[in-house]
Amino acid sequence: DYMGECDLVMVSSTGFGDGLGLDVHVRTTKELFYSYISSAAIQIGSDVLEVHAWGRWYLNGEEGEDNPIDSSDPVVTIGGYEVQFFRPLKKRYDYELNLGKHGTIHIKSVKGWISVTISTNSEEAFGDSVGLMGEFGSGSMYARDGHTLMTDDKDAYGQEWQAGIDDPKLFLWDRAPQYPEKCILPEAHDQEMMSRHLEESDIGLPAAEEACAHADEKEECVFDVLAS
């Protein structure tokens, strides 16, 4: 996993939607020896949906309204595709972009952490996609030249897909580092701390779920246990 702090190209497909184009960028934040996604943005055509921590979201630069708990009303479209919002828990916000026969993109915001899940088996829509997620179908980690495999150096691979001058700017505000300034990696001693933490920790998903079995907001509890 890449631990750098910067804006990254998760997926880019120029052929999506018969040339409409689709881009997914994530903004990562470093905390000592690890990093997490703190913002995510999706562009289809000229429309951009941007999601931040604690459920803040923007459409084409305009801030959206807070969604009430249990609401599941579709409220916006981007590039003609419907976005449905869910708020199943007080501190969790879900945004599901329905791409029709091409699948879904699901952004989940839990407190200050964000995850992005792209679910698709559509080569028609994503066959030309590039980015951190790798080659469609195989997941092979290619550089921007489309030929150089970077499987053996995840730090270099992450740096390769930092959002740069040839990529669209999806986030409303710049945050350092911005290209050509490189992504910020944990210092060597921080990486040693991470290795030691992982070696000493025996907390995995099953253990976290068991520890949170009686919590009122189980998913948020699991998230906190795994992050601690």
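Colleague: Okay, Arg92: is it buried or exposed?
Modeller: Arg92 is buried, with a relative accessible area of 12%. Buried means under 20% relative accessible area, exposed means over 50%, and partly exposed is in between, using a 1.4 Å probe and protein chains only.

Colleague: What does Arg92 form a salt bridge with?
Modeller: With Asp94, and their closest N and O atoms are 2.5 Å apart. Asp94 is buried too, at a relative accessible area of 5%. For a salt bridge, a side-chain nitrogen of Lys or Arg has to be within 4 Å of a carboxyl oxygen of Asp or Glu.

Colleague: Before we go on, where do these numbers come from?
Modeller: This is a predicted model, so local features need pLDDT of at least 70 and side-chain atom pairs count only at pLDDT 80 or more, while totals for chains, interfaces and linings use all residues. Residues are numbered from 1 along each chain as its sequence is written, and side-chain values use heavy atoms, leaving out hydrogens and water.

Colleague: Got it. How many salt bridges are there by that rule?
Modeller: Six. One of them pairs Arg27 with Asp7, with the closest N and O atoms 2.7 Å apart. Arg27 sits in strand E2 (residues 22-31) and Asp7 in strand E1, so this pair ties together parts that are 20 residues apart in sequence.

Colleague: Are Arg27 and Asp7 buried or exposed?
Modeller: Arg27 is buried, with a relative accessible area of 7%. Asp7 counts as buried as well, at 7% relative accessibility.

Colleague: And what does Asp167 form a salt bridge with?
Modeller: Arg144, with the closest N and O atoms 2.9 Å apart. Asp167 is in the loop between H3 and H4 and Arg144 in the loop between helix H2 (123-126) and H3, so they tie together parts that are 23 residues apart in sequence. Asp167 counts as buried at 14% relative accessibility, whereas Arg144 counts as partly exposed at 36%.

Colleague: Why do such side chains pair at all?
Modeller: Side chains of opposite charge can pair when their charged atoms come close.

Colleague: Let's zoom out. How many helices and strands are in the chain?
Modeller: Six helices and eleven strands. These are DSSP runs numbered from the N terminus: helices are H or I with at least four residues, strands are E with at least two. The chain has 228 residues, and 43% of them count as buried.

Colleague: New topic: how many disulfides does the structure hold?
Modeller: One. The disulfide joins Cys6 to Cys183, with an S to S distance of 2.1 Å; the cut-off for a pair of cysteine sulfur atoms is within 2.5 Å. Cys6 lies in the segment before strand E1 (7-13) and Cys183 in the loop between helix H3 (154-160) and helix H4 (188-200), so the link ties together parts that are 177 residues apart in sequence.

Colleague: And which hand does that link have?
Modeller: The link of Cys6 and Cys183 is right-handed, with 75 degrees about the S-S bond. Both cysteines are buried.

Colleague: What about Gly158, where does that lie?
Modeller: Gly158 lies in helix H3 and counts as buried, at 0% relative accessibility. Leaving aside neighbours within four places in sequence, Gly158 is in contact (heavy atoms within 4.5 Å) with Tyr2, Leu8 and Leu132.

Colleague: Last one: which residues touch the most other members in the largest nonpolar core?
Modeller: Leu22, Val24, Ile44, Leu97, Leu99, Ile105 and Val116, out of 34 residues in that core. The largest share of the core, four residues, comes from strand E3 (residues 34-44). A nonpolar core is a set of buried Ala, Val, Leu, Ile, Met, Phe, Trp, Tyr and Cys residues joined through side-chain atoms within 4.5 Å.

Colleague: What does Val24 touch?
Modeller: Not counting residues up to four places away in sequence, Val24 touches several residues, including Leu8, Met10, Ile105 and Ile118.
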